[in-house]
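User: I am new to reading structures. Please walk me through salt bridges and cavities, one step at a time.

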Amino acid sequence: MVEPIDPANSDRLTLEDVYEVIASSSRLDNPEAPVLTFDEAIGRLKNPQPGLGQVLRWAVRRGNHVVGLASLYFPEAENSHLGLLELTVHPRARRGGIGTAVLRTITPELRVRGRTVVECWNITEGGAGASFGTARGFEAVSTTVLQMLSISTVDRSVWEVEPPIGYRLVSWCGLAPDELLASYAEARRAIADSPFGRSAFRFPAWTAERVRESEADRRHREIDHRVVAIVRQDSDEVVGFTELQVYPHRKNFAYQGDTAVLAQHRGHSLGFCAKAAMLRWLQTERPEVEQVMTSTTAANPYMVNVNLALGYRSARRMVILACETEKLAQLLRA
């Protein structure tokens with residue numbers, strides 16, 4: 001039985017079942033990643049990643065126990081055509097029709113909201129999720145590399161670099177300085193140059209107003225959002241940036257987000273310099289953080305290699321699976 005679920009209002013036994021689904025699947029599918037604690041896993045469900053819009057969730061029950069969990073996100077603005085699906089099935093319950101039942105449940109939601117494409121992100125290449133998706137009509141449209149950094153084992157001396165002549169670094173938590181806001185928004189738009197394969201996802205057209213809205217959303221969610229910006233000395237213009245987040249439900253783990261440099265300023269190792277400064281800052285102010293995770297499109301080997309030089313290791317390759325909503329509906333009727 002597939003039924004709606006709201007983690008914020010679910011009873012303890014239901015949440016314990018949900019956690020067992022998440023933890024058991026992680027141990028099998030992502031053995032290189034630390035298994036989330038109960039509070040971390042449920043905290044992630046209650047405080048989802050910002051920028052992805054409204055989320056609906058469903059639990060799949062067999063008897064009295066939850067054996068599957070599905071989350072469907074509805075991003076807005078440039079991505080109002082897109083639905084993003086996360087589907088997790090307990091290893092003991094796989095190959096029993098649960099995934100197909102979830103797809104039948106979400107298809108009407110996609111249609112009624114005008115979502116013409118559904119995508120599944122962070123699917124291990126060659127893994128069970130990829131096999132299931134391709135068997136149901138999904139196609140791999142992009143490949144990313146998941147990379148992990150262990151603070152305690154990395155050679156931190158490689159982070160001791162200074163920006164090249166003509167540039168300086170400016171750092172902030174949560175709120176961009178007013179005098180840098182407009183050029184920071186412009187620099188954020190440079191991430192659209194990142195190759196994203198045939199994914200239907202469109203990067204935001206950042207404006208000063210949208211930056212402020214995003215900052216307010218993160219403050220509301222109590223996310224520690226840090227930015228290191230690269231600024232031209234002669235004009236005080238932001239020409240690049242890197243960002244990192246620590247969530248309140250997982251304070252020993254950080255997520256390295258976007259890094260971008262305006263095209264005319266590339267080739268000076270500015271991305272490496274900004275990321276190194278971010279890690280030094282993180283080590284000083286958040287010493288409890290033990291690991292940092294990031295993902296980079298496989299079509300951008302330059303950034304993959306920058307991360308390796310900083311001390312990251314490549315853990316696995318992941319794919320984005322996509323299917324048009326009407327195609328999915330037709331396949332499910334067959």
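This is a predicted model: local features need pLDDT of at least 70, side-chain atom pairs count only at pLDDT 80 or more; totals for chains, interfaces and linings use all residues.

User: What is a salt bridge?

Analyst: Side chains of opposite charge can pair when their charged atoms come close. Here the term means a side-chain nitrogen of Lys or Arg within 4 Å of a carboxyl oxygen of Asp or Glu.

User: How many salt bridges does a search of the whole structure find?

Analyst: The search finds 26.

User: Are Glu237 and Arg232 buried, exposed or partly exposed?

Analyst: Read the relative accessible area: buried is under 20%, exposed is over 50%, and partly exposed is in between (1.4 Å probe, protein chains only). Glu237 is partly exposed at 25%. Arg232 is partly exposed too, at 26%.

User: Which residue forms a salt bridge with Arg226?

Analyst: Glu285 does, with the closest N and O atoms 3.0 Å apart. The pair links distant parts of the chain, 59 residues apart: Arg226 sits in strand 8 (residues 224-232) and Glu285 in helix 7 (residues 270-285). Helices (H or I, at least four residues) and strands (E, at least two) are DSSP runs, numbered from the N terminus. Arg226 is buried, with a relative accessible area of 4%. Glu285 is partly exposed, at 44%.

User: Now the cavity. How many of 30 Å³ or more are found?

Analyst: The search of the whole structure finds one. On a 1 Å grid over the protein atoms alone, a cavity is a set of points where a 1.4 Å probe fits but cannot get out; lining residues have an atom within 4 Å of a point. The largest cavity holds about 60 Å³ of space, a volume being the space filled by probe spheres set on the points, which are joined across faces, edges and corners.

User: Which residues line the largest cavity?

Analyst: Among them are Trp172, Tyr184, Glu215 and His225. Helix 6 gives the largest share, four residues. The lining divides into five nonpolar, three polar and three charged residues. Nonpolar covers Ala, Val, Leu, Ile, Met, Phe, Trp, Tyr, Cys and Pro; charged covers Asp, Glu, Lys and Arg; the others, Gly among them, are polar.

Key. Residues are numbered from 1 along each chain as its sequence is written. Side-chain values use heavy atoms; hydrogens and water are left out. On a 1 Å grid over the protein atoms alone, a cavity is a set of points where a 1.4 Å probe fits but cannot get out, and a pocket is an open set with protein on both sides within 12 Å along at least five of seven lines; lining residues have an atom within 4 Å of a point.
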